[in-house]
Amino acid sequence: VMAAELAELEHADLHVLHVWNVFGEGTLRGRALGGVSATDVREYVARVAGNARAALRAAVAPLGARVPPTHVHLAKGDPDEAIPAFVTARAIDTLVVGTVGRSGLAGLLIGNTAERLLSTA
(Lines give C-alpha, C1' and ligand atoms only; values in the text may rest on other atoms or scores of the structure.)
Protein backbone atom coordinates (compact mmCIF):
# COMPACT_ATOMS: atom_id res chain seq x y z
CA VAL A 1 0.00 0.00 0.00
CA MET A 2 2.86 2.38 0.78
CA ALA A 3 4.33 1.80 -2.69
CA ALA A 4 0.95 2.57 -4.29
CA GLU A 5 0.65 5.79 -2.32
CA LEU A 6 4.19 6.80 -3.31
CA ALA A 7 3.41 6.08 -6.97
CA GLU A 8 0.25 8.19 -6.79
CA LEU A 9 2.11 11.03 -5.09
CA GLU A 10 4.81 10.99 -7.76
CA HIS A 11 2.39 10.35 -10.67
CA ALA A 12 4.40 7.22 -11.44
CA ASP A 13 3.59 3.79 -12.79
CA LEU A 14 3.47 1.07 -10.17
CA HIS A 15 4.61 -2.45 -10.99
CA VAL A 16 4.29 -5.31 -8.52
CA LEU A 17 6.74 -8.18 -8.92
CA HIS A 18 6.77 -11.44 -6.98
CA VAL A 19 9.76 -13.71 -7.57
CA TRP A 20 9.53 -17.34 -6.56
CA ASN A 21 11.77 -20.37 -6.76
CA VAL A 22 11.94 -23.94 -5.56
CA PHE A 23 14.76 -24.51 -3.13
CA GLY A 24 16.83 -27.45 -4.34
CA GLU A 25 14.94 -27.89 -7.61
CA GLY A 26 18.11 -28.59 -9.57
CA THR A 27 19.13 -31.28 -7.11
CA LEU A 28 15.68 -32.83 -7.20
CA ARG A 29 15.64 -32.85 -11.00
CA GLY A 30 19.22 -34.08 -11.24
CA ARG A 31 18.74 -37.41 -9.55
CA ALA A 32 16.18 -39.58 -7.86
CA LEU A 33 16.42 -38.93 -4.14
CA GLY A 34 14.67 -41.42 -1.94
CA GLY A 35 12.01 -42.29 -4.46
CA VAL A 36 11.38 -38.75 -5.77
CA SER A 37 10.24 -39.22 -9.36
CA ALA A 38 10.28 -36.66 -12.15
CA THR A 39 6.48 -36.56 -11.90
CA ASP A 40 6.71 -35.80 -8.16
CA VAL A 41 9.14 -32.95 -8.86
CA ARG A 42 6.90 -31.50 -11.62
CA GLU A 43 3.86 -31.66 -9.35
CA TYR A 44 5.77 -30.05 -6.48
CA VAL A 45 7.04 -27.22 -8.70
CA ALA A 46 3.50 -26.69 -10.02
CA ARG A 47 2.19 -26.49 -6.42
CA VAL A 48 4.86 -23.94 -5.48
CA ALA A 49 4.00 -21.91 -8.61
CA GLY A 50 0.31 -22.00 -7.69
CA ASN A 51 1.10 -20.84 -4.17
CA ALA A 52 3.20 -18.00 -5.58
CA ARG A 53 0.34 -16.91 -7.87
CA ALA A 54 -2.08 -16.98 -4.94
CA ALA A 55 0.32 -14.97 -2.76
CA LEU A 56 0.71 -12.37 -5.49
CA ARG A 57 -3.07 -12.10 -5.96
CA ALA A 58 -3.48 -11.65 -2.20
CA ALA A 59 -0.78 -8.99 -2.12
CA VAL A 60 -2.30 -6.88 -4.90
CA ALA A 61 -5.95 -7.34 -3.87
CA PRO A 62 -5.90 -4.44 -1.37
CA LEU A 63 -4.54 -2.17 -4.12
CA GLY A 64 -7.59 -2.60 -6.33
CA ALA A 65 -7.46 -0.51 -9.50
CA ARG A 66 -4.25 1.21 -8.42
CA VAL A 67 -2.30 -1.54 -10.20
CA PRO A 68 -3.44 -2.56 -13.67
CA PRO A 69 -3.18 -6.31 -14.40
CA THR A 70 -0.44 -5.60 -16.95
CA HIS A 71 1.70 -4.22 -14.11
CA VAL A 72 1.45 -7.33 -11.94
CA HIS A 73 4.34 -9.71 -12.61
CA LEU A 74 5.28 -13.18 -11.44
CA ALA A 75 8.79 -14.44 -12.15
CA LYS A 76 10.51 -17.70 -11.38
CA GLY A 77 14.16 -17.46 -10.42
CA ASP A 78 16.65 -16.18 -7.91
CA PRO A 79 15.34 -12.89 -6.48
CA ASP A 80 18.89 -11.50 -6.31
CA GLU A 81 19.07 -11.83 -10.11
CA ALA A 82 15.44 -11.51 -11.21
CA ILE A 83 14.67 -8.25 -9.39
CA PRO A 84 17.64 -6.24 -10.75
CA ALA A 85 16.96 -7.64 -14.25
CA PHE A 86 13.31 -6.58 -13.99
CA VAL A 87 14.29 -3.10 -12.76
CA THR A 88 16.83 -2.67 -15.55
CA ALA A 89 14.55 -3.97 -18.31
CA ARG A 90 11.80 -1.52 -17.37
CA ALA A 91 14.07 1.41 -16.41
CA ILE A 92 12.48 1.54 -12.97
CA ASP A 93 13.92 4.32 -10.85
CA THR A 94 12.40 3.58 -7.43
CA LEU A 95 12.31 0.15 -5.84
CA VAL A 96 10.17 -0.71 -2.83
CA VAL A 97 10.94 -4.13 -1.37
CA GLY A 98 8.87 -6.00 1.16
CA THR A 99 10.73 -8.00 3.77
CA VAL A 100 10.19 -11.05 5.91
CA GLY A 101 12.05 -10.83 9.20
CA ARG A 102 14.12 -13.91 9.90
CA SER A 103 16.55 -14.48 12.68
CA GLY A 104 18.64 -17.31 13.98
CA LEU A 105 19.52 -20.20 11.69
CA ALA A 106 16.83 -19.30 9.14
CA GLY A 107 18.28 -15.80 8.82
CA LEU A 108 21.75 -17.20 8.26
CA LEU A 109 20.69 -19.81 5.71
CA ILE A 110 18.10 -17.82 3.79
CA GLY A 111 19.50 -14.33 4.21
CA ASN A 112 17.78 -11.06 3.50
CA THR A 113 17.07 -10.24 -0.13
CA ALA A 114 16.25 -6.60 0.64
CA GLU A 115 19.66 -6.06 2.25
CA ARG A 116 21.46 -7.72 -0.65
CA LEU A 117 19.50 -5.62 -3.16
CA LEU A 118 20.69 -2.43 -1.49
CA SER A 119 24.20 -3.10 -2.71
CA THR A 120 23.15 -3.84 -6.31
CA ALA A 121 20.25 -1.43 -6.78
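Biologist: Why is Arg66 called partly exposed?

Modeller: In this predicted model, Arg66 has a relative accessibility of 31%. Buried would need a value under 20% and exposed one over 50%, so Arg66 counts as partly exposed.

Biologist: What makes the pairing of Arg66 with Glu8 a salt bridge?

Modeller: The closest N and O atoms of Arg66 and Glu8 are 2.7 Å apart. The cut-off is 4 Å between a side-chain nitrogen of Lys or Arg and a carboxyl oxygen of Asp or Glu, so the pair qualifies.

Biologist: Is Glu8 buried, exposed or partly exposed, and how do you know?

Modeller: The relative accessible area of Glu8 is 44%. That falls between the limits of 20% and 50%, so Glu8 is partly exposed.

Biologist: How many salt bridges does a search of the whole structure find?

Modeller: Two. Besides Arg66 with Glu8, Lys76 meets Glu25 at 2.9 Å, N to O.

Biologist: Which labels do Lys76 and Glu25 get, and why?

Modeller: Lys76 has 43% relative accessibility and therefore counts as partly exposed. Glu25 has a relative accessible area of 13%; the limit for buried is under 20%, so Glu25 is buried.

Biologist: How do you know that the length of helix α3 agrees with its number of residues?

Modeller: Helix α3 has 23 residues, 38–60, and at 1.5 Å a residue should span 33 Å. Its end C-alpha atoms are 33 Å apart, so the two values agree.

Biologist: Which residues of α3 are buried, and what covers them?

Modeller: Val41, Val45, Val48, Ala49, Ala52, Leu56 and Val60 are buried in α3. The cover includes β1 (16–20), α2 (25–30) and β2 (72–76).

Biologist: What makes up the largest nonpolar core?

Modeller: Eight residues form it: Ala4, Ala7, Leu14, Val16, Leu56, Val60, Leu63 and Val67. The elements giving two or more residues to this core are α1 (2–10) and α3. A second, separate core has seven residues, including Val22, Val45, Ala49 and Ala52.

Biologist: What does Val67 contact, leaving aside its neighbours within four places in sequence?

Modeller: Val67 is in contact with Leu14, Val16 and Val72. Leu14 and Val16 are also listed in the largest core with Val67.

Key: Residues are numbered from 1 along each chain as its sequence is written. This is a predicted model: local features need pLDDT of at least 70, side-chain atom pairs count only at pLDDT 80 or more; totals for chains, interfaces and linings use all residues. Side-chain values use heavy atoms; hydrogens and water are left out. Helices (H or I, at least four residues) and strands (E, at least two) are DSSP runs, numbered from the N terminus. The expected span of a helix is 1.5 Å times one less than its number of residues. Buried means under 20% relative accessible area, exposed over 50%, partly exposed in between (1.4 Å probe, protein chains only). Contact means heavy atoms within 4.5 Å. A nonpolar core is a set of buried Ala, Val, Leu, Ile, Met, Phe, Trp, Tyr and Cys residues joined through side-chain atoms within 4.5 Å.
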